[in-house]
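Subject: Structure for your review

Dear colleague,

Please find below the sequence and structure that I am handing over to you. A summary of what was found follows.

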Amino acid sequence: DLKFGYSLQQILPYAKLGVVTSKWVSHTNGMPSLGQGRKSKNLIGIEFGGGLDYSLTQNIIIGAEFIHATYPSFSYLNKLKTGETLHRIKIRPRNN
């Protein structure tokens, strides 16, 4: 993560930018109309946000921050037990 800020005596407002990784797993078992399938993938995304730190003493700092992470979507082909391709499943991770 990169953190950029400007100190205003005891207050430090800052912006933050970074790279995040996460493992995503999709299961479609139990959904007869979609067939059965499973896909897992490690995704790399970006995060950004900002925050505010406040220095109570030289060694004690409290703060709050907001972080937003976003990941790319991915897809896979779902197959029936006979091997016939039934649907393309597209996963769009929900941004937080």
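A residue is called buried here when its relative accessible area is under 20%, exposed when this value is over 50%, and partly exposed in between. Please note also that the model is a predicted one.

**Overall composition**

The protein chain contains six strands and zero helices, so that from the N terminus on its elements read β-β-β-β-β-β. It has 96 residues, of which 26% count as buried. Its accessible surface amounts to about 7,200 Å², with 55% of that area belonging to carbon and sulfur atoms. Among the contacts with a separation of 6 or more, 47% are made by residues 24 or more positions apart.

**Salt bridges**

How many salt bridges does the structure contain? The count comes to three.

One of them joins K16 to D1, with 3.7 Å between the closest N and O atoms. Because K16 belongs to strand 2 and D1 to the segment before strand 1 (2-5), this pair ties together parts that are 15 residues apart in sequence. The two partners may be compared by their accessibility. K16 has a relative accessible area of 16% and is therefore buried, the limit being under 20%. D1, at 61% relative accessibility, counts as exposed, because exposed means over 50%.

K16 also meets E65 in a salt bridge, at 3.3 Å from N to O. E65 lies in strand 4 (residues 61-70) and K16 in strand 2, so this pair ties together parts that are 49 residues apart in sequence. E65 is partly exposed, with a relative accessibility of 42%. Through shared partners, the salt bridges join D1, K16 and E65 into one network.

A further salt bridge is formed by the side chains of K3 and D53, at 3.6 Å from N to O. It links distant parts of the chain, as K3 is in strand 1 and D53 in strand 3, 50 residues apart. D53 counts as buried, at 16% relative accessibility, whereas K3 counts as partly exposed, at 46%.

**Aromatic rings**

As for pairs between aromatic rings, the structure holds zero.

**A nonpolar surface patch**

Which residues form the nonpolar patch on the surface? They are Y6, L8, I11, L52, Y54, L56, I60 and I62, and together they have about 760 Å² of accessible area.

I11 is found in strand 2 (residues 11-27) and Y54 in strand 3 (residues 38-55).

Leaving aside residues up to four places away in sequence, I11 touches Y6, L52, D53 and Y54. Of these, D53 is the residue that meets K3 in a salt bridge, while Y6, L52 and Y54 belong to the patch. The C-alpha atoms of I11 and L56, which are 45 residues apart along the chain, are separated by 9.6 Å.

Yours sincerely

Key
Residues numbered from 1 in each chain as written. Predicted model: local features only at pLDDT ≥ 70, side-chain atom pairs only at ≥ 80, totals over all residues. Heavy atoms only, no water. Patch = residues over 30% accessible without salt bridge, like charges linked within 9 Å, V, L, I, M, F, W, Y side chains within 5 Å. Areas by Shrake-Rupley, 256 points an atom, 1.4 Å probe, with all protein chains shown as cover. Salt bridge = Lys/Arg side-chain N within 4 Å of Asp/Glu carboxyl O. Helix = DSSP H or I, 4+ residues; strand = E, 2+ residues; numbered from the N terminus. Contact = heavy atoms within 4.5 Å. Phe/Tyr/Trp six-rings, centres within 6.5 Å; stacked < 30°, edge-to-face > 60°. Buried < 20%, exposed > 50% of the residue type's maximum accessible area, 1.4 Å probe, protein only.
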